[in-house]
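I opened this entry to get my bearings in a structure I had not seen before. Here is what I looked up.

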Amino acid sequence: MSQDEYFSVRAAIRINVEPLADNQAQPDAQAFTAEIPAPFRLASQCGQLDSDVEKDLKAIDPEDASALFRVLQAQNEKMTLMMGYMLSHEDQPDHRFVTHAFGASSFSYHSHSPIKKGVHARVKLFLDYPPTAIYCYGVVTRCEPHTDSDQENPDYVIQIQYTRLLEEDRDTLIRAALHHQQKLLKKRARNRKQSSS
């Protein structure tokens, strides 16, 4: 599947975008893997374990093993809190933005400053569900003035396509996009139900 085949969903996710200097190249695949900070590497591994445990928990009937179920859920919540604390130190306010839309191939966000098309950037994505963070690189594929923004102080819509991203992190982005899509569909269904009643 090519990167363009992944769908994206409108959702606000906290991100850090740090454009690279003109003469600075993004790392090759091997250097990228070695460069990933330990909290992001740990978050990726925990995310994979969470996915596996989630499947196992769904197979357990809570009535048959309610005590075990509660213990496992409590342990998972503790780990999530600890990971959240560790990852909060990786969030850099100077590079903080919020996505307009995201998916497993790219994301877009609004910025007061434009970035030239073709510029590479170091990116951190902080997801609420699953609760994790992703470290990657991307390239600016689009930068256009936002039509609704103030003409004197224009806003730009910037799109970044991932160029260095671990496969397990791509899977996490797919899960996160599906989760947000399901939330949007449920909200639309509720709104339709309320407007018809």
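My notes run from the whole chain down to single residues.

**Ground rules.** I am working with a predicted model, where local features need pLDDT of at least 70, side-chain atom pairs count only at pLDDT 80 or more, and totals for chains, interfaces and linings use all residues. Residues are numbered from 1 along each chain as its sequence is written, and side-chain values use heavy atoms, with hydrogens and water left out.

**Whole chain.** I found four helices and seven strands. These are DSSP runs, H or I of at least four residues for helices and E of at least two for strands, numbered from the N terminus. Their order along the sequence is β-β-α-α-α-β-β-β-β-β-α. Of the 197 residues, 36% count as buried, meaning under 20% relative accessible area with a 1.4 Å probe, protein chains only.

**Helix H4.** I checked the length of H4, residues 167–196. At 1.5 Å a residue, its 30 residues should span 44 Å, and the end C-alpha atoms are 44 Å apart, which agrees. The expected span is 1.5 Å times one less than the number of residues. Its buried residues include Leu 173, Ala 176, Ala 177 and His 180.

**Asn 16.** I looked for this residue in strand E2 (residues 14–19). Asn 16 counts as buried because its relative accessibility is 2%. Its side chain makes a polar contact of 2.8 Å with the side chain of Asp 91. Such a contact is a pair of N or O atoms within 3.5 Å; within protein, one must be able to donate a hydrogen and the other to accept it, and residues adjacent in sequence count only if both atoms are side-chain atoms. The Asn 16 side chain also reaches the backbone nitrogen of Gln 92 at 2.7 Å.

**Rings.** I counted eight aromatic pairs. Rings of Phe, Tyr and Trp (its six-membered ring) pair if their centres lie within 6.5 Å; planes under 30 degrees apart are stacked, over 60 edge-to-face, the rest tilted. Phe 32 and Tyr 137 are edge-to-face, at 6.0 Å centre to centre and 80° between the planes. Phe 32 is in helix H1 (residues 29–35) and Tyr 137 in strand E6, 105 residues apart. Both are buried. Phe 40 and Tyr 135 have centres 5.6 Å apart and planes at 55°, so this pair is tilted. One aromatic cluster holds Phe 32, Phe 40, Phe 126, Tyr 135 and Tyr 137.

**Last check.** I noted a cis peptide bond between Tyr 129 and Pro 130, with omega about -10°. Pro 130 sits in the loop between strand E5 (120–127) and strand E6 (132–145).

Conventions:
Buried means under 20% relative accessible area, exposed over 50%, partly exposed in between (1.4 Å probe, protein chains only).
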